[in-house]
Amino acid sequence: SFAVQTPELVTERLIGVRMVMVAAASHPLARHAGAVPTAELARHTQLVLTDRSDLSKDRQFGIFSPHIWRLADLGAKHEFLLAGLGWGGMPLPRVERDLAEGTLVRIEPEDQPPEGMVVPIAATYRADSPPGPAGRWLIDRLRSTTAMCPSHLS
């Protein structure tokens, strides 16, 4: 988690997004049946979304391969995955259509649950400067979206 815990900040959990590991149907990992050993994942380029802030500086999350391409845009990562340029984690709602159409295939790293991981999404703000009416509306709206889309979120 990227959460920074300090008394000056208040964090409100909003939603959880299910992340799954995927590769193009043409990628060698797509032909692997069952859980994929970490040693096999390490042989292939992993596409990783980079954090543009300093919050995760010198920290790595979910890295299985020494062969990494870092991308700063989720859309670009999605296109790279579809092109077969590597494998990596994506939000399930973003790739559900690709999985249904067979252009992307789920892969299951041996050290992760087969259903994927849930990444929490939170609103964080300064304790001495809570959200105003518009900010509170947005936080409440995002939280209510979770109740409407339980199949994708936790």
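User: Which elements do the buried residues of α2 pack against?

Analyst: This is a predicted model. In it, the buried residues of α2 pack against the strands β1 (9-24), β3 (46-49), β4 (68-71), β5 (87-91) and β6 (104-109), and also against the helix α3 (92-101).

User: Which residues of α2 are buried, and what makes them line one face of the helix?

Analyst: The buried residues in α2 are Lys77, His78 and Leu81. Seen down the axis of α2, they fall within an arc of 100°, and therefore they line one face of the helix. An α-helix has 3.6 residues a turn, so residues three or four places apart point the same way.

User: Why is Phe80 called partly exposed?

Analyst: Phe80 has a relative accessibility of 28%. A residue is buried under 20% and exposed over 50%, with partly exposed in between. Because 28% lies between these limits, Phe80 counts as partly exposed.

User: Where is Phe80 placed, and which residues does Phe80 touch beyond those up to four places away in sequence?

Analyst: Phe80 belongs to helix α2, which covers residues 74-82. With residues up to four places away set aside, Phe80 touches Leu47, Trp69, Leu71, Leu85 and Gly86.

User: What is found at the start of α2 and just after α2?

Analyst: At the start of α2, a side-chain oxygen of Asp73 comes to within 3.0 Å of the backbone nitrogen of Gly75. Just after α2, Gly84 has a positive phi of about 80°.

User: What makes a group of residues a nonpolar core, and which residues form the largest one?

Analyst: The residues must be buried, belong to a set of types that includes Val, Leu and Met, and be joined through side-chain atoms within 4.5 Å. The largest such core has 9 residues, namely Val20, Val22, Leu47, Leu71, Leu81, Met90, Leu92, Val95 and Leu104. At least two residues of this core come from β1, and at least two from α3. A second, separate core has 8 residues, among them Met21, Ala23, Leu29 and Leu41. In soluble globular proteins, nonpolar side chains tend to be buried together.

User: How do you know that β1 pairs with β7, β5 and β6?

Analyst: Two strands pair if at least two bridges are found between them. β1 and β7 are joined by 10 bridges and run antiparallel; in this pairing, Val17 stands opposite Val119. β1 and β5, also antiparallel, are joined by 5 bridges, and Ala23 stands opposite Trp87 in β5. β1 and β6 run antiparallel with 4 bridges, and Met21 stands opposite Ile107 in β6. Each pairing of β1 therefore meets the requirement of at least two bridges.

User: Why is Pro114 called partly exposed, and where is Pro114 found?

Analyst: The relative accessible area of Pro114 is 48%. Pro114 is found in the loop between β6 and β7 (117-126). Leaving aside neighbours within four places in sequence, Pro114 is in contact with Arg106 and Glu108.

User: How many helices and strands does the protein have?

Analyst: The protein has 4 helices and 7 strands. From the N terminus on, their order is β-β-α-β-β-α-β-α-β-β-α.

Key
Residues are numbered from 1 along each chain as its sequence is written. This is a predicted model: local features need pLDDT of at least 70, side-chain atom pairs count only at pLDDT 80 or more; totals for chains, interfaces and linings use all residues. Side-chain values use heavy atoms; hydrogens and water are left out. Buried means under 20% relative accessible area, exposed over 50%, partly exposed in between (1.4 Å probe, protein chains only). Contact means heavy atoms within 4.5 Å. The arc is that of the directions from the helix axis to the C-beta atoms. A polar contact is a pair of N or O atoms within 3.5 Å; within protein, one must be able to donate a hydrogen and the other to accept it, and residues adjacent in sequence count only if both atoms are side-chain atoms.
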